[in-house]
Amino acid sequence: MATVVFESPLGLVRITGDEQGVSSISCIDVPESMPADGPTDTLPEPVQQAVQQLHEYFATTRQTFDFLLNPSGTAFQQTVWQALLNVPFGTTLSYLTLTRRIGDEKAIRAVAAANGRNPLWIVVPCHRIIGSDGSLTGYAGGLWRKKWLLEHEGAFTRTGQLSLF
């Protein structure tokens, strides 16, 4: 597994992966011993693409990602993460709506838990999932980052409310 760390508007981003795909993307608060924006030409292609595409996302020139993903998780977690990939840029869904899309309304706690264990920050857009009342609930990277991401994507309307789709 190769790892690279780079600066973003939300702190340091750590990407880990190999030729099979990117297995994790996370925001870290504590600098690591490896240099930020280290040489990317020796990294596996999916990791290089992830770095480039995330830079483009932060520069507001990219709304979707198309590099290989290879996260580890249970079959249920994989189902939830796949459903998250279908939440478009600039929109939000409630946990309940996401649960209904998966097909079992009673699994809302399990869906929320799988959402919280998403190993592919931003790319699998768990930040687009909010409370039924429009509140910014639960986010492993901190609610301030969730708010920043939703604002960056234009999910807030002119009245300051989230747009629920």
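**Figure 1. The buried residues of helix α5.** In helix α5 (residues 143-152), the buried residues are R145, K146, L149, L150 and H152. Here, buried means under 20% relative accessible area, exposed means over 50%, and partly exposed lies in between, using a 1.4 Å probe and protein chains only. Looking down the axis of α5, you would find these buried residues within an arc of 160°, so they line one face of the helix. That arc is taken from the directions that lead from the helix axis to the C-beta atoms. The buried residues of α5 pack against β3 (21-28), α1 (45-58), α3 (95-102) and β5. A contact means heavy atoms within 4.5 Å. Just after α5, G154 has a positive phi of about 75°.

Before moving on, a word about the model. This is a predicted model, in which local features need pLDDT of at least 70 and side-chain atom pairs count only at pLDDT 80 or more, while totals for chains, interfaces and linings use all residues. Residues are numbered from 1 along each chain as its sequence is written, and side-chain values use heavy atoms, leaving out hydrogens and water.

**Figure 2. The chain as a whole.** How many helices and strands does the chain have? The secondary structure comes to 5 helices and 5 strands. Helices (H or I, at least four residues) and strands (E, at least two) are DSSP runs, numbered from the N terminus. Starting at that end, the elements run β-β-β-α-α-β-α-α-β-α. The chain has 165 residues, and 46% of them count as buried. Among contacts between residues at least 6 apart in sequence, 59% join residues at least 24 apart. The accessible surface of the chain is about 8,400 Å², and 52% of this belongs to carbon and sulfur atoms. Such areas come from the Shrake-Rupley method with a 1.4 Å probe, and for residues only the protein chains shown count as cover.

Figure 3. The UniProt record, an unreviewed entry, places the feature "active site" at C126. UniProt positions follow the numbering used here, feature names are shortened, and annotations may be inferred rather than shown by experiment. Where does C126 sit? Look in the loop between α4 (108-116) and β5 (129-130). Is C126 buried or exposed? With 9% relative accessibility, C126 counts as buried. Leaving aside residues up to four places away in sequence, C126 touches L84, N115, N118, Y139 and K146. K146 is also one of the buried residues of α5.

**Figure 4. A cluster of aromatic rings.** One aromatic cluster is formed by Y57, F58, F65, F67, F89, W121 and W148. Rings of Phe, Tyr and Trp (its six-membered ring) pair if their centres lie within 6.5 Å; planes under 30 degrees apart count as stacked, over 60 as edge-to-face and the rest as tilted. The count comes to 6 aromatic pairs. The ring centres of Y57 and F65 are 5.7 Å apart and their planes meet at 40°, so this pair is tilted. F65 and F67 have ring centres 6.2 Å apart and planes at 70°, so their pair is edge-to-face. Y57 is buried at 0% relative accessibility, F65 is buried at 19%, and F67 is buried at 6%.

**Figure 5. Two residues with a positive phi.** Most residues other than glycine have a negative phi. T60, in the loop between α1 and α2 (75-84), is not a glycine, yet its phi is near 65°. T60 is exposed, with a relative accessible area of 58%. I122, in the loop between α4 and β5, has a positive phi of about 70° although it is not a glycine. I122 counts as buried, at 1% relative accessibility.
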